[in-house]
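Hi,

Here is the model I promised to pass on.

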Amino acid sequence: MRTSDRAVLIVPALAALLGGLWGVRRGSMWQDEATTYAVAGRALPDLWRTLGNVDAVHGCYYLFLHPLIRLAGGAVPAEVVIRIPSVLATAVAAAGVAAVGRRLVSAPAGLYAGLTYAAAPVVVFHAQEGRPYALVAAAVVEATRLLATALCNPLCGPSRSTWVRYGVAVAVACLLNLFAVLALAAHAVTVLVTARGGGKGVAPRWAAAVAGALLAVLPVAWTAFGQRGQVAWLERPGLPEVKALVTRFAGTGVLLAATVVLVVLGLTTSRAGDLAGTAAGRTPGGPGRLPGIAAFAVPLALVPPTLLLAVSQIHPLYQDRYVLFSMAGLAMALGAGLARAVRLLPEAAPGWVRAAAALALPALMLGASLPAQADVRRIDSRPDDPAAVAAIVGSERRPGDAVLFLPSIRRLVAEAYPAAFQGVRDAALRAGGAASGTLAGRELPAGEIAASLGAAPRVWVVSRPHPAPADLSSSRDSAKRLLLSESYRRQRTVRVLGYAVRLYTRVSPSRPPRSGR
C-alpha cells in the first residue's frame, strides 16, 4: 500500500481518536454506563449468573470489558476505562469508512468519508459512551468493507477467506448487539444490486456466510428473547422520533441543506467499478461492472432505520442508537459528494484554488457541526448525573445514616460509586446485584423494611426528581414511602441532573412528622 493510500486510512482514524479523547472524562457515568461498570466489573461467576437473568443482549460486551475493568483496578477513572474501547472502535470504523470510499470512488472520497464519520456529533457521542454501540458500528463497517472487497475484486472472485472474515465480522456485530442484524438487510440489497449487474454466484456465497454468522449468534438471541421484558418500556415511534433521527444524523438548517446537496452529488458520482474495469482492460459498463457507492451507502443509511421504525409500529423496539452504524452509509455518500464538489471546479482554475476548496469544504462542514460537537461532550448531554448524587451523599453522610432507593433500580448509583456510600446502610437491601445475579440487587419484603431501618436518625432517599406513579407502584416502594411519612420529616431536597436527593430526619414519637420544604 502506498503512503498516500495509508494516509487515507490513518488521517480519519487519528481524527476520530483525538476527537474521542477530547473531553472523554466528563466527570460522571450516566445510568446506562453505571450499569456497564457495575455488571462488567463483577467476578466472572457473578457476571455469568447475572446474564442468565438479565441483560444477556449485552453479555458479550460485558465479558469483553470485564478484564479491562479488573486490570485498571481503580488506577484509571472508571468512566474512562469503559469509554476507551468505544473511542478506539470509532477510530477503526472511521478508517473502515475511508477504505470503502477509496475502493468504491477515489482516495479523496475515502478521506472525506472517513473524516465525515469521525466528526459527526452522533458518532462522537457514542465514541464517548461506555456502551457497545460504537463497537457494533466498527464491526458493521468492517463487514461492509469486506463485502466491498468481495464484490469489487476486478479480475477474480473473492477468496473464501474474505467471506469467512465477513461472516466473523457480522457475528461479532450481532453478538455485541442483536440489532446489528438490521445491517444484513442493507447488505442484502447491495448483494441483489450486484447480482443484477452481473455478479454471478455472489448471493449464495453471501447467504452461506450470513447463515454461519447467525448460527453463532443463535444462543445469545435465544437467551435475550427470554428477557425481552427489558424493552417493554419502549413506546411506538412517530414523526417526532423520525425528525430527531434525521437531526442527529444529518443536522438542521444550513447543515442539513448542505448534507442533502452533497449526498446527491455523491450518489451520482462516477463508479469506481468503471475506472477499475478500464484499468483491468475491460469495457466500462460491460460484464463484471462493479457496484458504485450508491449500492453500499444508500441501503446502509436507509434500510436499517426504516426497518426498525416499521417493526416498532407493531412491537416497539426503536432507539436511534441501535442503528448508529447507518451513519457510515451517510458518511460514504457525503465523502463522495465532497470529492465531486471539488472536481466540479473549472479545469482552468489554479492549483491553489483547488487545494483551498479541497480544504475549505470539509472545514465548513466541520465548523457547522461544532456547536453540536460541544454539546455532546457536556454532562447534560446525557439523561442523568449519578456522580452528582454520590458527591452529595459522600460529602454529607454521618455515622448511622441509612439510604433508600425509589425504585430499587436507582441503587445503580451506589453500585457505580460505592465509595460515596461507605458507612451508609442500605436499609431495604437483602442481597446486592452481584450476589443476586440482578442489576441492582434484591430487596427485603415490604413488611421487613421498617425493622431493617430501625431507628436510623437520618435517611437519604435517591429517586428521579418527579418519578411516575407507575415507577413506585411496588409494595416495597409503597412501604418505604409510608415509613418515611410516618416516622421522618423531609429536611431538604437537592435536585441534580436526572435525580433528586432527599434527606429525612427522624421525628420523636410524640411529635407528628411534617414535610420539609
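How many residues does helix α8 have, and how far does α8 reach from its first C-alpha to its last? Helix α8 (residues 133-151) has 19 residues and reaches 27 Å, close to the 27 Å expected at 1.5 Å a residue; the expected span is 1.5 Å times one less than the number of residues. Of those 19 residues, 17 are buried, so α8 is largely enclosed by the rest of the structure (buried is under 20% relative accessible area, with a 1.4 Å probe and protein chains only).

Some housekeeping before the rest. This is a predicted model, with local features needing pLDDT of at least 70 and side-chain atom pairs counting only at pLDDT 80 or more, while totals for chains, interfaces and linings use all residues. Residues are numbered from 1 along each chain as its sequence is written, and side-chain values use heavy atoms, with hydrogens and water left out. Helices (H or I, at least four residues) and strands (E, at least two) are DSSP runs, numbered from the N terminus.

Now the second largest pocket, which holds about 840 Å³ of space. Its lining has 38 residues, and A119, A120, L366, S369 and Q373 are the closest to its centre. (A pocket is an open set of points on a 1 Å grid over the protein atoms alone, with protein on both sides within 12 Å along at least five of seven lines; lining residues have an atom within 4 Å of a point. The volume is the space filled by probe spheres set on the points, which are joined across faces, edges and corners.) Helix α17 gives the largest share of the lining, 11 residues.

Then the aromatics: 5 pairs turn up across the whole structure (ring centres within 6.5 Å; planes under 30 degrees apart are stacked, over 60 edge-to-face, the rest tilted; for Trp the six-membered ring is used). Y61 and Y62 have ring centres 6.1 Å apart and planes at 45°, so that pair is tilted. F179 and Y322 are stacked, at 4.2 Å centre to centre and 5° between the planes. F179 sits in the loop between α9 and α10 and Y322 in the loop between α15 and α16, so this pair ties together parts 143 residues apart in sequence.

Last, an open sheet of 5 strands runs in the order β2-β1-β5-β7-β6, with mixed pairing (strands pair if DSSP finds at least two bridges between them). Its edge strands are β2 and β6.

Cheers

Terms used. Buried < 20%, exposed > 50% of the residue type's maximum accessible area, 1.4 Å probe, protein only. 1 Å grid on protein atoms, 1.4 Å probe; cavity = no way out; pocket = protein on both sides within 12 Å on 5 of 7 lines; lining within 4 Å.
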